[in-house]
Amino acid sequence: MRHLLSAGDLSRDEALLVLDTAAELAQVSGRSVKKLPTLRGRTVVNLFYEDSTRTLTSFELAAKRLSADVVNFSAKGSSVSKGESLKDTALTLQAMGADGVVVRHSASGAAHRLAEWVDGAVLNAGDGTHEHPTQALLDVYTMRERLGRLDGLRVAVVGDILHSRVARSNVLLLHTLGAEVTLVAPPTLVPVSVHTWPCSVSYDLDAVLPKSDVVMLLRVQAERMHDAFFPTAREYSRRYGLDGERFARMQDDAIVMHPGPMVRGMEISAEVADSPRSTVNEQVANGVSVRMAVLYLLLGGS
Ligand code: CP
């Protein structure tokens, strides 16, 4: 594996190698050794054209814990505002010696294009509505850690599937690892291509909830909504929001996940978000180990 562009590119063995490597790194960096020398002398550029809290910070921490030099490049305040293209920006950063480029961009396919232009490894940190493979890796890592298995796990992904790169990456990776995914959304927030995805679709959250081991909630992405959002926010929350009453109807050991950022009171109530069965903060913590594993395997692993 030279790049990480799509969760669908990972074979079962490659995905498990990332998860097992992340578990080892979590043990090592969680003990007394905080920093490992593995990527000393290597340079990682975080090239972010879209806002991020979790992904940017955890890629930076992951690279630093492996002793790499890290450059955080934000399109805001750069020569991008003067019209410089993605290609020229990437080639400029490569000329300064980037060994790995972590890219987030609003255009679906941006990471794939970048991989054609630069010599180093490209890691997709979210491209438009297409994919977010490291998010899916940290999500399945969290599921395996909490529930002890992935094979046969029943996962409901609930929310704005139409605009979600997290949903597509999770469907592809969970399918590879033997889990069964059901996407749950209003018909207006399901992409027309969904029949080609390896999952089932439901419009009825209350029917899916009691049969799910994992309920993953997604934010409604108002910023990508070019047409009117239907149903309204209030109607959406009533039919698809996970509140205390719905939560009580889930299986006793089922977990609630969210990739963040959350809109409390919309897709998830504060009570559910803060419940011990919510893995939101674990997902964030696991993101550092998983991104360390990916950087290690792409830039420094044997
Ligand atoms: N989950 C996720 O990608 O969060 P950020 O947008 O904060 O990186």
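Okay, a definition to get going: I call a residue buried if 20 or more other C-beta atoms lie within 10 Å of its own, exposed if 12 or fewer do, and partly exposed in between, with the C-beta atoms placed from the backbone.

Now the caveats. What you're looking at is a predicted model, where local features need pLDDT of at least 70, side-chain atom pairs count only at pLDDT 80 or more, and totals for chains, interfaces and linings use all residues. Residue numbers start from 1 along each chain as its sequence is written.

Let's start with strand 1, residues 43–48. Are its two faces covered or open? Both are covered. Thr-43, Val-45 and Leu-47 sit on one side, Val-44, Asn-46 and Phe-48 on the other, and they are all buried. In a regular strand, side chains alternate between the two faces of the sheet.

Take Val-44 from that strand. Why do I call Val-44 buried? Because 27 other C-beta atoms lie within 10 Å. Which residues does it touch? Here, two residues are in contact if their C-beta atoms, placed from the backbone, lie within 7 Å. Leaving aside neighbours within four places in sequence, Val-44 has contacts that include Ala-63, Val-70, Asp-99 and Leu-295. For a sense of distance, the C-alpha atoms of Val-44 and Ala-207 are separated by 45 Å, and the two residues are 163 apart along the chain.

So who are the partners of strand 1? Two strands pair if DSSP finds at least two bridges between them. Strand 1 pairs in the parallel sense with strand 2 (residues 69–74), over six bridges, and Val-45 has Val-71 as its bridge partner there. Strand 1 also pairs with strand 3 (residues 100–105), again in the parallel sense, over five bridges.

Put together, that gives an open sheet of four strands in the order 2-1-3-4, with parallel pairing. Strand 2 and strand 4 are at the edges with a single partner strand each, so one side of each has no neighbour in the sheet. The strands next to each other are turned by 15° on average, direction ignored. Helix 4 (residues 110–117) packs on this sheet, touching strand 3 and strand 4, and its direction makes about 165° with that of strand 4. For those angles, axes are lines fitted to C-alpha atoms, for helices over the stretch in contact, and angles run from 0 to 180 degrees between N-to-C directions.

Five strands form an open sheet in the order 7-6-5-8-9, with parallel pairing. Its edge strands are strand 7 (200–202) and strand 9 (255–257), each pairing on one side only. The twist averages 25° from one strand to the next. Within this sheet, strand 5 (residues 154–158) is joined to strand 6 (residues 180–184) by five bridges, and Ala-156 has Thr-182 as its bridge partner. Helix 5 (residues 133–147) packs on the sheet, touching strand 8 (214–217) and strand 9, with its direction at about 165° to that of strand 9.

Zooming out, the protein chain has eleven helices and nine strands, and it is divided into domain 1 (7–132 + 284–300) and domain 2 (133–279). Those bounds come from an automatic or database domain assignment. How far apart are the C-alpha centres of the two domains? 25 Å. The contact takes 25 residues from domain 1 and 23 residues from domain 2. On the domain 1 side, the elements giving two or more residues are helix 1 (12–30), strand 4 (121–127) and helix 11.

Last topic, the core. A nonpolar core is a set of buried Ala, Val, Leu, Ile, Met, Phe, Trp, Tyr and Cys residues joined through C-beta atoms within 7 Å. The largest one has 87 residues, and Val-101, Val-158 and Leu-295 are among those with the most contacts inside it. Helix 11 (residues 280–300) gives the largest share, nine residues. Over the protein chain, 45% of the 302 residues count as buried.
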